[in-house]
Amino acid sequence: MSTTDFNGATKVAVVYYSGTGNVHKLATAAAEAAEKAGAETRLRRVPEYVNESLAPQFTEWTEAWAENAEAMKDVPTAGVDDLEWADVILLGSPGRFGLIAAPLKHFIDLAWPLNARRGLVNKVMSSFTSTGSQHGGQEGTILSLNNVFYHWGAIIVPPGVTDDIQMAPSNGNPYGVSSVSGRQAVPGRLAENVTEDNLAALAYQTRRMIEIATALRHGFAAAR
Ligand SMILES: Cc1cc2nc3c(=O)[nH]c(=O)nc-3n(C[C@H](O)[C@H](O)[C@H](O)COP(=O)(O)O)c2cc1C
């Protein structure tokens with residue numbers, strides 16, 4: 001969070017990587033919620049870092065991956081300057097073996113110089129994920145993202161169980177909103193298991209972060 005600019009709308013960056021569309025759908029909902037809440041908003045995707053499918057023999061997955069690349073092509077790619085600009089940062093990644101997807105991790109590593117000059121301190125952050133199964137490592141993925149936030153000196157604002165939407169059957173992860181995709185890396189049916197309740201929960205998580213960040217900005221201004 002900027003310590004010099006207390007004027008204007010709170011700035012939100014939603015930065016994500018998505019292989020087959022689930023996280024893309026969640027990220028888009030977060031950005032829409034931020035816009036609706038009056039925040040200045042940047043939706044940014046972290047690009048794929050391989051030129052061909054990770055597993056060409058999985059034909060349906062590969063086709064879904066290509067379809068998602070086409071669907072996301074108009075989303076601007078993320079730069080470290082987007083992190084510097086924002087008061088609120090939401091990072092989204094599919095769970096891959098319970099960890100951050102590699103392209104997003106690479107992007108995070110690029111923020112090293114910004115972190116070194118303490119450019120991420122006191123920004124409000126949290127994360128979200130999508131996994132293939134409910135017990136496939138959502139918390140592991142979220143916590144690996146949140147671990148980065150500790151290093152950056154961020155103020156982590158998780159959804160917790162602070163609103164009824166978190167109690168909906170397809171929600172319930174207090175660490176960060178998480179969807180379960182199942183076997184949905186299917187061309188023509190991308191992200192169809194992301195529920196309306198998942199999207200509403202992510203909108204809630206985003207609004208909660210904006211509320212806290214806005215209060216902090218005013219608080220820091222008053223404390224100067
Ligand atoms: C390399 C790789 C590793 C994965 N590891 C996990 C995992 O550990 N647990 C899980 O539930 N799903 C796992 N998945 C499935 C994805 O998390 C799931 O399909 C997710 O919804 C994809 O999000 P996306 O459509 O935004 O890429 C993995 C998928 C890939 C390609």
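A191 counts as buried because 24 C-beta neighbours lie inside 10 Å; a residue is buried if 20 or more other C-beta atoms lie within 10 Å of its own, exposed if 12 or fewer, and partly exposed in between, with C-beta atoms placed from the backbone. The phi of A191 is near 60 degrees, a positive value in a residue other than glycine. This is a predicted model, in which local features need pLDDT of at least 70 and side-chain atom pairs count only at pLDDT 80 or more, while totals for chains, interfaces and linings use all residues. Residues are numbered from 1 along each chain as its sequence is written.

**Positive phi**

- Most residues other than glycine have a negative phi.
- A191 lies in the loop between β6 and α7.
- F97, also not a glycine, has a positive phi of about 55 degrees.
- The loop between β3 and α4 holds F97.
- F97 counts as exposed, because it has 10 C-beta neighbours inside 10 Å.

**Overall fold**

- The protein chain has seven helices and six strands; helices (H or I, at least four residues) and strands (E, at least two) are DSSP runs, numbered from the N terminus.
- Their order from the N terminus is β-α-β-α-α-β-α-α-β-α-β-β-α.
- The radius of gyration of the protein chain is 17 Å, which agrees with the value near 17 Å for a compact globule of 224 residues; it is taken over C-alpha atoms, and the globule rule is 2.2 Å times the number of residues to the power 0.38.
- Along the principal axes, the C-alpha atoms fill a box of roughly 60 × 40 × 30 Å.
- Of the 224 residues, 42% count as buried.
- Residues at least 24 apart in sequence make up 81% of the contacts between residues at least 6 apart; two residues are in contact if their C-beta atoms, placed from the backbone, lie within 7 Å.

**Nonpolar core**

- The largest nonpolar core has 54 residues, of which V14, L26, A30, V88, I89 and L202 touch the most other members; such a core is a set of buried Ala, Val, Leu, Ile, Met, Phe, Trp, Tyr and Cys residues joined through C-beta atoms within 7 Å.
- Elements giving two or more residues to this core include β1 (11-16), α1 (22-36), β3 (88-94), β4 (124-131) and α7 (196-223).
- The largest share of this core, eight residues, comes from α1.
- Not counting residues up to four places away in sequence, V14 touches A27, A30, A31, A34, L43, R44 and L90.

- Eight of the eight residues of β4 are buried.
- V124, S126, F128 and S130 point one way from β4, and M125, S127, T129 and T131 the other way.
- β3 and β4 run parallel and are joined by seven bridges; strands pair if DSSP finds at least two bridges between them.
- M125 in β4 stands opposite I89.
- β5 (residues 155-156) is parallel to β4, with two bridges, and I155 is the bridge partner of V124.
- β6 (residues 178-180) pairs with β4 in the parallel sense over three bridges, and V180 is the bridge partner of T131.

**Ligand shell**

- The ligand is surrounded by 20 residues, the closest being G19, P94, G132, G136 and S181; a residue is near a molecule if its C-beta atom, placed from the backbone, lies within 6 Å of it.
- α1 and β4 each supply at least two residues of this shell, and α1 gives the largest share, three residues.
- The shell divides into four nonpolar, 15 polar and one charged residue; Ala, Val, Leu, Ile, Met, Phe, Trp, Tyr, Cys and Pro count as nonpolar, Asp, Glu, Lys and Arg as charged, and the others, Gly among them, as polar.
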